[in-house]
Amino acid sequence: MQAVQERAVVTRRSRLVLPKHVRMRYDPLRQAWAVLSPERIFWPNEIGLEILRRCDGKTSVRAIIAALALEFDAEEEEISEDVIAFLQEWADNLLLRFS
Amino acid sequence: MSDPLLPPIAMLAELTHRCPLQCPYCSNPLELMKANREMDTAGWLDLFEQAADMGVLQVHLSGGEPTLRRDLEEIVRKLSSRAVYTNLITAGVGIAEGRIEALAEAGLDHVQLSLQGARPETADLVSNYKGALAKKVETARRVRAAGLPLTVNAPVHRHNIGEVEQFIELALSLDAERLEIANVQYSGWALVNRAALMPSYSAVEREIEIVEEARERLKGVLNIDFVPPDYFATYPKPCMGGWARDAFAVAPDGTVLPCHAAQTIPSLTFERFGDKSLADIWADSPAFNAFRGTDWMQEPCRSCERREIDWGGCRCQAMAIAGDAAATDPVCVKSPFRESILALVQDAQPEPESEKTGSAAESFKYRRIGAAPVT
């Protein structure tokens, strides 16, 4: 029998990773990074890509927020809500997994 | 053409028309090709190489039943070597032991498995294949065991619209991450069988309620894609995301098509890969340029604010119902042919509680090579 599955909620402690079948690749023709997934192709913006690149299954959401705040010279509180909302949306679409 | 020519991003490869199932809703053309007309391995490999060069990022390997091609592993390996995303669209019956593992090994990214019914009797009736569901369940198990992600595709019509809840349960139990509840589109064999397939209005309303509830409940667990029945809609679907805009299809013999049903438009002629390069066909084929962009549109599309949302809808449906491939898709609320669509919808009687399998089977014209009805 199937185990009961539930929607997982992204917190600062979560560690997320792109599943094997969700692939980031650079498209030289369109000069942009694409995320290839079953039936759909996404073109995340610069910040989206910076978030996804850090989703290695080891780095916590808290650490991702800290790194992005440093890189984009922003306050952590300023960006944390948006980062978590982005990750939750990708997780809800099963494009990110919890490790 | 006012807009610059975009490179294609996705491609549907109909590798073969051979299929063990005989579904009456099949979107393949009525004139099905036999194996001896299929393009050979070298042809397909060359085509995929050119497609990758042109910018194609995703290839849907379909048919017919694509696993009937013995060179499928080789095809997947080629696409994988070019980092092209591969999606196998399979009926999931008669797949030899070890084959799915070999495809996974070759680099296959994803499998889409069709289910004709959530109950064995329904699956048998619709596919005209004994014991189809049990084989499909076994295929799903092997797909997941091979570490491949699974989408369950349920083409919905009047004979299985009452099983949508069971389709959702089944998709969960098969450990699918996506479920497509796709109301059948009336082209190819589905158009021939339209009267037998058309659901009632009340059944569609119920279906939509079930899907909306399940989507909310299963957020983050199962992605449910819902393809609404366009006869019941207000605006048409943006067929192919716009004719020859960023996707194309290839028939088993290598004929390159703007959409898989494009050969139902008699005024168009199509070119075969090999006679010309893919890039030449994409850019210069008169069939591709016939309905590209918006310049070809007539009223009410031409001045419609949705012209670059719907792209005029389906050209094949315009041909089939309005008798003019450049007309507005007849399902559109603005089409002068809308009344005839509504009449077809209204003619569909409520589904009986239990239907005799025999009578339903008699109403179907099953999809078979050489079985095309004379029109």
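1. Welcome to this structure. Chain B holds 15 helices and 10 strands; helices (H or I, at least four residues) and strands (E, at least two) are DSSP runs, numbered from the N terminus. The model is predicted: local features need pLDDT of at least 70, side-chain atom pairs count only at pLDDT 80 or more, and totals for chains, interfaces and linings use all residues. Residues are numbered from 1 along each chain as its sequence is written, while chains are lettered from A and ligands numbered from 1 in the order in which they are written.

2. A word on the overall form of chain B. A compact globule of 375 residues would have a radius of gyration near 21 Å, and the 20 Å of chain B agrees with that; the radius is taken over C-alpha atoms, and the globule rule is 2.2 Å times the number of residues to the power 0.38. Along the principal axes, the C-alpha atoms of chain B fill a box of roughly 50 × 50 × 45 Å. Of the 375 residues in chain B, 49% are buried. Here buried means that 20 or more other C-beta atoms lie within 10 Å of the residue's own, exposed means 12 or fewer, and partly exposed is in between, with C-beta atoms placed from the backbone.

3. After helix 6 of chain B comes Asp175(B), with a positive phi near 60°.

4. Now follow helix 9 of chain B. Its 17 residues reach 25 Å from first C-alpha to last, close to the 24 Å expected at 1.5 Å a residue, where the expected span is 1.5 Å times one less than the number of residues. Val204(B), Glu207(B), Val211(B) and Ala214(B) are its buried residues. They fall within an arc of 95° seen down the axis, so they line one face of helix 9 of chain B. Exposed residues on the other side include Ser202(B), Glu205(B), Glu209(B) and Arg217(B). Helix 6 of chain B returns here, as part of what covers the buried residues of helix 9 of chain B.

5. Where the chains meet, 21 residues of chain B are in contact with 20 residues of chain A; contact means C-beta atoms, placed from the backbone, within 7 Å. Strand 3 (85-90) and helix 6 of chain B each supply at least two residues of the side of chain B that touches chain A.

6. Chain A has three helices and six strands, in the pattern β-β-β-β-α-β-α-α-β along the sequence. Of its 99 residues, 23% count as buried. The C-alpha atoms of chain A fill a box of roughly 50 × 35 × 20 Å, taken along the principal axes.

7. Finally, chain A has an open sheet of three strands in the order 5-1-6, with antiparallel pairing; two strands pair if DSSP finds at least two bridges between them. Strand 5 (56-60) and strand 6 (97-98) of chain A are the edge strands, each pairing on one side only. Strand 1 (residues 15-17) and strand 6 of chain A pair over two bridges, and Leu16(A) has Phe98(A) as its bridge partner in strand 6 of chain A.

How values were computed: Two residues are in contact if their C-beta atoms, placed from the backbone, lie within 7 Å. The arc is that of the directions from the helix axis to the C-beta atoms.
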